[in-house]
Amino acid sequence: MKLILLGPPGAGKGTQAQVLAEKHGLVQLSTGDMLRAAVKAGSEIGKKAEAIMKSGGLVSDEIVIGIIADRIEQPDCANGFILDGFPRTLKQADALGSLLASKNKELDAVIEIKVDDTILVSRIENRARETLAAGGTVRADDNAEALKTRLMAYYRETAPLIGYYYAYRKLQTIDGMAPVAEVSAQIEAVLKGAAKA
Ligand code: AMP
């Protein structure tokens with residue numbers, strides 16, 4: 001199963017990707033996590049990405065496409081994967097399509113997790129607060145200023161992918177406002193439908 005979870009920051013993509021990964025033995029491919037690991041490791045990619053990520057902007061297509069192209073070649077991806085945070089631009093979506101086509105593979109579904117804009121900000125603020133209370137490190141981009149930039153990047157660059165995948169006949173939209181378990185149940189229903197198709 002090859003899936004994309006699409007949605008704005010704070011929609012719950014990461015949470016749902018984890019649930020799916022555990023339940024179906026799929027690999028969660030989060031470009032955000034991979035980039036944060038690169039920043040932490042101080043690699044060349046990390047050095048290029050750090051300031052952009054901190055501001056809430058998008059890292060270059062070239063970098064993220066390169067990361068994903070390498071990653072989906074790994075043997076653990078043979079069973080399927082969930083893309084969480086990739087693609088985020090039309091160029092990335094085209095590149096993914098070419099990559100999969102070159103292996104005679106196809107996406108099974110693109111799941112749009114729809115959430116009201118008004119609750120995204122409070123969700124992200126809560127994530128930062130909960131992380132702090134648990135003694136963790138808050139993401140450098142979980143603050144009001146970076147969030148504004150992230151949301152703008154989402155609407156400028158990523159939201160067009162909804163129409164793109166609709167036209168590609170892979171888009172399924174679910175209600176991301178429901179509790180986590182209900183959102184998971186909606187995703188399971190979509191996957192059952194995709195398996196039959
Ligand atoms: P995320 O954890 O998905 O919210 O990603 C955190 C940050 O990493 C984003 O705000 C971007 O700066 C960067 N990033 C992650 N995935 C991508 C992508 N597919 N394209 C460009 N930048 C990305």
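Analyst: Start with α2 and α3, which are roughly perpendicular to each other. That word covers angles of 65 to 115 degrees; under 35 is roughly parallel, over 145 roughly antiparallel, and the rest oblique. Helices here are DSSP runs of H or I, at least four residues long, and strands are runs of E, at least two long, numbered from the N terminus.

The model is predicted, with pLDDT of at least 70 needed for local features and 80 or more for side-chain atom pairs, while totals for chains, interfaces and linings use all residues. Numbering starts from 1 along each chain as its sequence is written, and side-chain values use heavy atoms, without hydrogens or water.

Now the geometry. Helix α2 spans residues 31–41, and helix α3 spans 44–55. They pack at about 115 degrees, with axes 8 Å apart. (Axes are lines fitted to C-alpha atoms, for helices over the stretch in contact; angles between N-to-C directions run from 0 to 180 degrees.) The α2–α3 crossing is left-handed: the near helix is turned anticlockwise from the far one by less than a right angle, whereas clockwise would be right-handed.

Which residues touch? From α2 come G32, L35, R36, A38 and V39. From α3 come I45, G46, A49, E50 and M53. Contact means heavy atoms within 4.5 Å. By class, six of these residues are nonpolar, two polar and two charged. (Ala, Val, Leu, Ile, Met, Phe, Trp, Tyr, Cys and Pro count as nonpolar; Asp, Glu, Lys and Arg as charged; the others, Gly among them, as polar.)

Look at the atoms next. An N or O atom in the T31 side chain is 2.8 Å from a ligand nitrogen. Another ligand pairing involves G85: a backbone N or O atom of G85 lies 2.9 Å from a nitrogen of the ligand.

One last stop is P87. P87 sits in the loop between β3 (81–84) and α5 (90–102). A cis peptide bond joins F86 and P87, with omega about -5 degrees.

Terms used:
A polar contact is a pair of N or O atoms within 3.5 Å; within protein, one must be able to donate a hydrogen and the other to accept it, and residues adjacent in sequence count only if both atoms are side-chain atoms.
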